[in-house]
Amino acid sequence: MKQSNPDRTIAPEFREISDIPFLHPEQKELNNGIPLYTIHAGTEDVCKIDFIFDAGLWYERHELNALLSNLMLNEGTTRLSASNLAETFDFHGAYLQLSTDQHYSYLSVITLNRHLSKIIETLASIIHEASFPQHEFESLILKKKNKFLVEAEKVKVISQKRFTEVLFGKEHPYALTAWPDDYDKVNLEDLKEFVQKHYKAERCRIIASGIIRPELYTLLNKHFGSNDWKSKTLLPEPEFEIHPSKQHFHLFPKEEALQSALRVGCHAVNKLHPDYQGLLILNTILGGYFGSRLMSNIREDKGYTYGIYSMIISLKKAGYFFITSEVGKDSCQAALDEIQFELKRLRTEPVPADELNTVRSYMLGEMLREFDGPFAQAASFRALLEYDLNYDFYRDFIHTIKNITAEQLMDLSNRYFKEENIYEVVAGSKN
Amino acid sequence: MISGKPAKGVSLDQAKEAIQDELKRLSDECIERIELEKVKNKFEATLVYTNMSYLNKAMGLANFENLGDAFQINTQVDRYRSITAEHIRETARKLFTPENSSILYYRAKK
């Protein structure tokens, strides 16, 4: 069976991106109050289920506890050993992903709907019946520590971690202060306790995306909807103060390194702030795409680096901005000078219309990718959930991308890229 | 293509023989039902997950149109599911002969 052939002498019509059709999730609750958000879409009979727990770095009392307790969940339950678990997911072509960030820990599973019941049942054992076996714990520690020992020698990693310490102070959870030796201090009992306290119904949210079968709700309620899974008492929310360094330049020497890694940046704002979207656009111009100011100058023109880019990071309690690159050891100071030059340019010269329009098109194109299919839509939804924002955020963003002016961008750079607020962190040598 | 890096203390010859043993097994024995089922599940899952995004759907359609018929994308999964253990053994027997292979050894200097 063939379609009638289109006229291939005529190229497809070119259109500007005007609107993105968002798939709004439906919201329900399990019997014990756990919010369940479902995005029903797509042509493939698959389903992704994300479990989100208030169990991130924010809540740990010892280094690496949030990360490792999340990983230990998949190392064995009272009914299924680690290899049983691996075999179950493998056999059914299902995938389990475990991850942790500053505030949350996640368990995500993707499965063909044909195997939904079995996979949810297995996930329930993982979350409710984790057994924390000693042998698997020791293997995990060894494996992760060895990997980290290699990573921790890299100037890029050193600059990344130290930058967060400089910005937030060593005591703050947003400072990435774990080093390989911390693996030796991890206590299995602490991990068990962390899970018992934090992987609880009142700290849980679920997002499901793909083809949502009717039995999904029943299965989730059966395995995760019980009131027995609620805590008797609520845990207090920990509070932390930010203590930025008084020093604005920091060098972490590494004699043998052939390159230096640099991180230059400052405090900014998060998604809740009205300036956030404008900052994202400014950030793209500066270092958010291959044709950016930083790439064009420091890579293309000067050849100091293979790649340089910048980012705005939005976290629940703070936002920050940084520029990152690895440069030849002898080009470090020159690269830092060029970075300051580009920041100053943004403060003093309006962005030309051509360049701004290129960035507008680029950003709208990128946004499309973030809504390509039900799984991507679920991820975009998840990115708003912790802030209690709704899709108006994306609608506004499209509007901002299309309408922001060069003057507004210049104003943002003057308020957020002030020279006296900028921190420079170098790992390697400064030459 | 089959590639690998032998662990310390294992020679390239040992590695080659181990691979050839496995290929011979595939050519001589039919794989078990459970293993075949697992591979089919994983294959189907990967195909289906890939087709979640519009870009991948478009690329898949373009690929099949290039091979002659875009609609084949719809029957992809069924075609793979219809493969039997016998098919696999026969194909292995035909493909995995020493005369049909080239081997590249990449040795460390020391």
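Does W58(A) count as buried or exposed, and at what relative accessibility? In this predicted model, W58(A) counts as buried because its relative accessibility is 2%, which falls under the 20% cut-off.

The ring of W58(A) forms an edge-to-face aromatic pair with F240(A), a residue that is partly exposed at a relative accessible area of 33%. This pair links distant parts of the chain, since W58(A) lies in the loop between strand 3 (46–53) and helix 1 (65–72) of chain A, while F240(A) lies in the loop between helix 7 (214–224) and strand 7 of chain A, 182 residues apart. A tilted pair is formed by F163(A) and Y320(A), which joins helix 5 (residues 155–168) of chain A to strand 10 of chain A across 157 residues; F163(A) counts as buried at 0% relative accessibility, and Y320(A) counts as buried at 7%.

| Aromatic pair | Centre to centre | Angle between planes |
|---|---|---|
| W58(A) and F240(A) | 5.0 Å | 85 degrees |
| F163(A) and Y320(A) | 6.3 Å | 45 degrees |

Over all chains, the structure holds 28 aromatic pairs. Charged side chains also meet rings: K28(A) lies over the face of Y217(A) at 4.2 Å from the ring centre, and the charged end of K161(A) sits over the ring of W179(A), 4.8 Å from its centre.

Strand 10 (residues 319–328) of chain A pairs with strand 9 of chain A in the antiparallel sense over eight bridges, within an open sheet of five strands whose order is 7-11-8-10-9 and whose pairing is mixed. Helix 9 (residues 293–301) of chain A lies across strand 9 and strand 10 of chain A, running at about 155 degrees to strand 9 of chain A.

Definitions and conventions: Residues numbered from 1 in each chain as written. Chains lettered and ligands numbered in written order. Predicted model: local features only at pLDDT ≥ 70, side-chain atom pairs only at ≥ 80, totals over all residues. Heavy atoms only, no water. Pairing = 2+ DSSP bridges. Helix = DSSP H or I, 4+ residues; strand = E, 2+ residues; numbered from the N terminus. Contact = heavy atoms within 4.5 Å. Axes fitted to C-alpha atoms, helices over the stretch in contact; angles between N-to-C directions. Phe/Tyr/Trp six-rings, centres within 6.5 Å; stacked < 30°, edge-to-face > 60°. Buried < 20%, exposed > 50% of the residue type's maximum accessible area, 1.4 Å probe, protein only. Lys NZ or Arg CZ within 6 Å of the ring centre and 35° of its normal.
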